[in-house]
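Colleague: Could you walk me through the side-chain contacts in this one? I'd like to go through them topic by topic.

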Amino acid sequence: MELEFNYKRIFLLGFGFFGISVIWSLYNAYVPIFLKDFALSSFVIGIVMTIDNVFAILLLPYLGVLSDKTRTKWGRRKPYIMIGAPLGAIFFMLIPIAREHEALALMMGAIILMNFSMALFRSPVIAFMPDITPSEYRSQANGIINFMGGLGTIMVYFLGKILYDIHYSLPFYVGGILMFLASLLVIFLVPEPKEYTAPSK
C-alpha cells in the first residue's frame, strides 16, 4: 500500500511523545527529591535514576523486533501502547503515595515497574512514525513529533512547580492522566497500515 503524508495523523501520533516527555520530565525532576527523603546517598539515588537505561539496554532492541513481527486486529505497535501506557501511568502515580506512607519498598517497586512499563512501548511508538510516513517526509514528521515532545517538557517546566507547590503528588497525578489521555488519542485516532493488522476471528 502506498503511504500518504498526513500532517494531522503525525500531529496526533506526536501526542504519544508528548505524554512520554511529560512523564520523564516530572520523573527526573521530582523522584530524586523523594528518594532523598529516605536518607539515601547520592550514589544510590544515581543508581536508581539509571534504571530506565538498564531497561533500555535489555528490552528495547528485543521489543522493537517483537513489535515488527506482531500482528493483531489493532496492528503491530498499538498493543504495546495499550499495555505499557496505562501501566506506566498507574505506577507513576503510585510514587507520591509511597512517599506519603514513607514506604521505601513501595517506592522502589513503583519506580521499577513504571520504568519497565514505559520500556514496553517506547520502541513501538518510535517505530510507529515510519510505518505511516513515506520515506521522503520522515524528516518533517520527525520534526513534528519532536516538537510535541518538547511541548510536553516545556509544559512541565512552567506548570510542574506550580502543581508541586500545591501538593507534591499533583504533578504525578496530572502527568499520569495526561499520558493516559495522550495514548488514547494515538490508539483511537492514528490507524495502522492494514497490512500490519490481523483480521478479527
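**Rings, charges and contacts**

Modeller: To start with a charge over a ring, the charged end of Arg99 sits over the ring of Tyr168, 4.2 Å from its centre; this label requires NZ of Lys or CZ of Arg within 6 Å of the ring centre and within 35 degrees of the ring normal. This is a predicted model, in which local features need pLDDT of at least 70 and side-chain atom pairs count only at pLDDT 80 or more, while totals for chains, interfaces and linings use all residues. Residues are numbered from 1 along each chain as its sequence is written, and side-chain values use heavy atoms, with hydrogens and water left out.

Colleague: And what sits over the ring of Tyr196?

Modeller: That is the charged end of Arg76, 3.5 Å from the centre of the Tyr196 ring.

Colleague: OK, rings with rings now. How many aromatic pairs does a search of the whole structure find?

Modeller: The search finds 12 aromatic pairs, where rings of Phe, Tyr and Trp (its six-membered ring) pair if their centres lie within 6.5 Å, and planes under 30 degrees apart count as stacked, over 60 as edge-to-face and the rest as tilted. One of them is the stacked pair of Phe5 and Tyr137, with 4.7 Å centre to centre and 5° between the planes.

Colleague: Where do Phe5 and Tyr137 lie?

Modeller: Phe5 lies in the segment before helix H1 (7-36) and Tyr137 in the loop between helix H5 (104-131) and H6, so the pair ties together parts that are 132 residues apart in sequence. Helices here are DSSP runs (H or I, at least four residues), numbered from the N terminus. Phe5 is buried at a relative accessible area of 18%, whereas Tyr137 is partly exposed at 31%; buried means under 20% relative accessible area, exposed over 50% and partly exposed in between, with a 1.4 Å probe and protein chains only.

Colleague: What about Phe34 and Phe172, how are their rings arranged?

Modeller: Their ring centres are 5.1 Å apart and their planes at 25°, so this pair is stacked. Because Phe34 lies in helix H1 and Phe172 in helix H7, the pair ties together parts that are 138 residues apart in sequence. Phe34 is buried, with a relative accessible area of 0%, and Phe172 is buried with a value of 0%. Ring pairs also link Phe34, Phe92, Tyr168 and Phe172 into a cluster.

Colleague: Changing topic, how many salt bridges does the structure hold?

Modeller: There are five salt bridges, each a side-chain nitrogen of Lys or Arg within 4 Å of a carboxyl oxygen of Asp or Glu. Among them, Arg77 bridges to Asp68, with the closest N and O atoms 2.9 Å apart, and Arg77 also meets Asp131 at 2.7 Å, N to O. Since Asp131 lies in helix H5 and Arg77 in the loop between helix H3 (51-69) and helix H4 (78-100), this second pair ties together parts that are 54 residues apart in sequence.

Colleague: Which residue forms a salt bridge with Lys161?

Modeller: Asp165 does, with the closest N and O atoms 2.9 Å apart; both residues lie in helix H6, four residues apart, about one turn of the helix.

Methods:
Helix = DSSP H or I, 4+ residues; strand = E, 2+ residues; numbered from the N terminus.
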